Amino acid sequence: MVLSRGSMHLSLKKLLNHVERLEGFVYESSVLTSKPAMIEIRLRPDQRKSGKCSRCRRPARGYDRLRERRFQFVPLWGLTTYFIYAPRRLECPRCGIHVEHLPWALGKRPVTVSFAWFLASWAKLLTWQEVSQRFGTSWESVFRSVEMAVLWGRAHLNLAGIFAIGVDEIYWQKGQFLTLVYQINDGMKRLLFVIEGREEKSLRQFFIWLGEERSAAIQFVCSDMWKPYLNVIAKHAVNAVNILDRYHIAAKMNKALDEVRAKETRALASRARARGAKVVLKHSRWCLLKRPERLTDHQAVKLKELLSCNLQTIRAYLLKEEFQFFWEYVSPVWAAKFMDQWCRKVMRSRIDPMNKIARMLRSHRPLILNWFQARGQISLGAVEGLNNKLKASIRKSYGFRTSYAMKIVLYHKLGRLPEPQFTHRFC
Ligand SMILES: [Zn+2]
């Protein structure tokens, strides 16, 4: 479909009016400069219309004119492009003398609304540094643009139909944690809320933000075994089934296994040192391959050592692997039986970090079994998936010192925020 056909060529004015028609203003002239190469587009008021007061947005009489201001626009053909306009001051009968409303501007910022949204959309794909370099603007300008997109999106968020949420925490920096709340409905997974800390008051902020009615409509909450979270969930999500997440349990088991291995490695090393041996596991191969009766005295001691030490790591590993079967059960009754047996076995193993896991599972038994109730109704892998995405975003945002900037990044990338309707999208 042909939108416009000029006598010879399509004019810049025609194009601008197509992508960005500005009610009450006229694209007057444009120049292409060299060194630096850029396009400057001058605007003037439309004589037939009076300006609008920036306070009340009603038409008002002109008072005087201010100096020209420059507003960076979306680059045209890769050339940095500016709008240039000398704003009028108006004499509003209600508000007094004020600068007129400029529909393309963002307050005092030297960029146009279109350019800010343009930067914000690129910032979803590239780092802020890359965006600022690529489009000839400052890091600060990209930050402000993303912030604008996030504030707009958060203000226009549709919170209807949230019935499943996931609560997670991440270590951020210098002993600081962030609490994150995700929506994990099938078909709608997004970051809903980020807040500093991981105390009761952190998560409580989320429920206050969501409101009592919507909190009561939540049916499932996936969370860690972290006591402050459990307390707040029980109090605010009154109708929800709290599910202890498979992913969180797996993470704890891996940590326990790692502890066992590390402790064992240390023990091996110190025993070797005490005997004056250099490398712990070197030359141990034959101890394990030879028939025990054919070992020298020295090798026999070494084998005993390996078995007593290494076995813990191996046993812990096998126990962890065995627990995977738990999630395969269909019936929660049989799953519960399996879990109880597994816990007894672990307690007998006397492997300290694993014992801790067993005690933890026992004390949260009903919450863990809720997993079987939720399966098939909500997307149970969602928290893990979102957590991975989030960690990737944090890695890319290296150098963000304030939690405010970090929150802006996370909402921007994972919040699925709505955007205003534009007549034209530049990207
Ligand atoms: Zn006014």
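Reader: Is Y329 buried or exposed, or in between?
Author: In this predicted model, Y329 is partly exposed, at a relative accessible area of 26%. Partly exposed lies between buried, under 20% relative accessible area, and exposed, over 50%, with a 1.4 Å probe and protein chains only.

Reader: What about F338?
Author: F338 has a relative accessible area of 10%, so it counts as buried.

Reader: How are Y329 and F338 arranged as a pair?
Author: Their arrangement is tilted, with 5.5 Å from centre to centre and 45 degrees between the planes. Rings of Phe, Tyr and Trp (its six-membered ring) pair if their centres lie within 6.5 Å; planes under 30 degrees apart are stacked, over 60 edge-to-face, and the rest tilted. Y329 and F338 also belong to one aromatic cluster, whose members include W327 and W342.

Reader: What are the conventions behind these values?
Author: Residues are numbered from 1 along each chain as its sequence is written, and side-chain values use heavy atoms, without hydrogens or water. Local features need pLDDT of at least 70 and side-chain atom pairs count only at pLDDT 80 or more, while totals for chains, interfaces and linings use all residues.

Reader: Changing topic, which ring does R154 sit over?
Author: The charged end of R154 is over the ring of Y411, 3.9 Å from its centre. The criterion is NZ of Lys or CZ of Arg within 6 Å of the ring centre and within 35 degrees of the ring normal.

Reader: And R70?
Author: R70 lies over the face of Y82, 4.4 Å from the ring centre.
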